[in-house]
Amino acid sequence: MDMLQPISGVPALVAMVGKVLAVFTATMLVVAYTTLAERKISAWIQDRSGPNRVGPWGLLQPIADGIKNFLKEETMPATANRFWFVAGPMLSITPALVTIAVVPFAAPLPTPWGVVDMIVADIPIGILYILALSSLGVYGLVLSGWSSNNKYAFLGGLRASAQMVSYEVALGLSLVSVLMLAGNVTLTQVVWQQQEMGFWFAFPLSLGFILFLISAFAETNRLPFDMPEAESELVTGYHTEYSSMKFSMFFIAEYSHMLTASALMATLFFGGWDLPGAWDNAFWHEGMLIAGFDAAGAPILAQPAWWKTLLTLAGFGLKTVFFLFLYIWVRWTLPRFRYDQVMSLGWKVMLPTALAYVMVVSATVLVLDLLEVSYGFTFGLVLTLVSGLCTVAFLFFLDSDRIISGASVPYRQDRPVRMPVTQVDAGAPGLSGD
Amino acid sequence: MAVQVKVMRRPEPGRSSYLRAALKGMALTFKHMVNPDKVTQQYPEEQTELHPRWRGTHRMEVHADGRPKCVACGLCPTVCPANCIRLVGGEDDQGNRYPVVYEIDEFRCIFCGMCQEVCPVEAIHVGRHFENAEYSRSRFVYDLDRLMEQDHPTTLLWDPSDPRSE
Ligand code: SF4
Ligand code: SF4
């Protein structure tokens, strides 16, 4: 019988190089076109038509931007710390680009030489690797803010670190529930567990998804959490002093962070490259590529095909693009939080909720295990119900009469005022002093 | 002394929401995003129609034989509030005065249109035209020949049929 074997030897090397090149090119292209999409969508939201001069429909705009950035003058502030000023952009772009390597992006591709996994590096520490590297990205921000020797840049860097620390916690905790279900930290395994359960984790772990989404916005420094850049307060924050390609590198870093976060959301909570139905399931189990287990527990062999790879790739792309779109959409809708609101949301709402949710999920899993419900559809259904309740409660709590009020005293209508006061009603125009 | 305090009205307790408001906002921006009715004017292709009283690039009127209409009376450099007109007058054999040098610095000009108003022979005009970008600053000093070459419509500073410009 012709067993499907993983690719090995020289063809494996060739496949590896091919995958690396393809993923890198695709990442850079997606990043470039996300900047265009950002400008187009922001324009549409504001009833404008956006860039449409360079190339048909403005499609060559990112290239024009790139050329422009190359031709700009490099500036170096006289008082900057030269070494870290130059190292800053590199430190922020590298972690942003390398994280995408551990995300599986399609079903395995069969070739005459063996089966090629559609992932650049299927390392056994997948999620931990992502967490580690994505928090390394903050060093680039902090160091470039500090080394610029500019107070706005410095404040931007400080905010970046504080924000990163606060939301990293909630992000990590919201991942714990995923890891409990997946039982492993490799992303291929996470995708496989979702296929086996028949549920994408966004349903059995809905609150986890919401927490992850919010923290991911904060981690990528996108509005409504773009404290480190905050144009209206800090010029442009940590990259105020940068010009030319160095500035551009911060941009690429920001957008590739977005891309990684979107790809992660798709992988962890929306099945990765998995499409509805069992036809595309594939996973390496004891040297065999299997699609699942039959009733007796014997493995069913998977039938990989090139069209399955293409379809799942398209599915993964769609999910990722949706989250990229969500990023842009939210950015052009919501105003920026105040700094203390960001902090209090992180520590007073996100962290306790994430902790409590981990408890709820683990308790549910424990009870299900004690009742000997096997990992599968029923298991997912029960978790979906429990998580649904938690989500509704969380949203209700957040929504019912809570202005996120930060460190200041809660607002009271009847607060006594010490000094003699003439009150001027701001609601009526023409009365106020200014 | 009493302190003035501006009272900002917060929503009544129990009547505020953050999430619902955010979702409402997202729905609104989405509606605008898919709305095909955009306000952008595709500028070089689609020109704005300038108002008849638009005051832009200057233009010197020319006699049928190609001489400038200006008689070098010196009124416009006198009245010009930005002091950007340079005029050196001369006189030919028949005693007709004409401008030997006539230059307007379009950078210093504030386009008040007073030169046009004051000119006794309706020679200098401000025009309904604004596309006068150049690659160097020196190109913005228009000499007499350049002013005479301009062929854009001139400004209607005062319309007799609409004396109060309504
Ligand atoms: S428009 Fe006004 S400022 Fe300009 S040249 Fe004429 S008088 Fe001077
Ligand atoms: S007011 Fe008219 S005629 Fe007199 S100098 Fe100016 S342009 Fe010439």
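The model is a predicted one, and the values given here are computed from it. Of the 14 residues of H7(A), 13 are buried, so the helix is largely enclosed by the rest of the structure.

What follows this helix deserves a look of its own. H7(A) is followed by A:Asn221, which has a positive phi, near 55°. Most residues other than glycine have a negative phi, and A:Asn221 is not a glycine. The residue belongs to the loop that runs between helix H7 (206-219) and helix H8 (231-234) of chain A. With a relative accessibility of 7%, A:Asn221 is buried, because that value falls under the 20% cut-off.

One of the residues in contact with A:Asn221 is A:Gln163, a member of helix H5 (residues 151-182) of chain A. A:Gln163 is itself buried, at 0% relative accessibility. Leaving aside residues up to four places away in sequence, A:Gln163 also touches A:Ala218, A:Phe225, A:Met227, A:Pro228, A:Val342 and A:Met343.

Turning to chain B as a whole, its secondary structure comes to four helices and six strands, arranged along the sequence as β-α-β-α-β-β-α-β-β-α. The radius of gyration of chain B is 27 Å, well over the 15 Å that the globule rule gives for 166 residues, so the chain is more spread out than a compact globule. Along the principal axes, the C-alpha atoms of chain B fill a box of roughly 90 × 55 × 40 Å. Buried residues account for 29% of the 166 residues. Among contacts in chain B between residues at least 6 apart in sequence, 70% join residues at least 24 apart.

Within chain B, strand S5 (residues 124-127) is covered on both faces. B:Ile124 and B:Val126 are buried on one side, and B:His125 and B:Gly127 are buried on the other. S5(B) pairs with strand S2 (residues 56-60) of chain B in the antiparallel sense, over four bridges. In this pairing B:His58 stands opposite B:Val126.

B:His58 also takes part in the shell of a ligand, being one of the residues around ligand 1. Among the others in that shell are B:Cys80, B:Cys84, B:Cys109, B:Cys112 and B:Cys115, together with B:Pro81, B:Ala82 and B:Phe111. By class, the shell of ligand 1 holds ten nonpolar, two polar and no charged residues. Ligand 2 has 13 residues around it, of which B:Cys70, B:Cys73, B:Gly74, B:Cys76 and B:Cys119 come nearest. This second shell divides into twelve nonpolar, one polar and no charged residues.

Technical notes. Residues numbered from 1 in each chain as written. Chains lettered and ligands numbered in written order. Predicted model: local features only at pLDDT ≥ 70, side-chain atom pairs only at ≥ 80, totals over all residues. Heavy atoms only, no water. Helix = DSSP H or I, 4+ residues; strand = E, 2+ residues; numbered from the N terminus. Buried < 20%, exposed > 50% of the residue type's maximum accessible area, 1.4 Å probe, protein only. Pairing = 2+ DSSP bridges. Near = heavy atom within 4 Å. Nonpolar A, V, L, I, M, F, W, Y, C, P; charged D, E, K, R; others polar. Rg over C-alpha atoms; globule rule 2.2 N^0.38 Å. Contact = heavy atoms within 4.5 Å.
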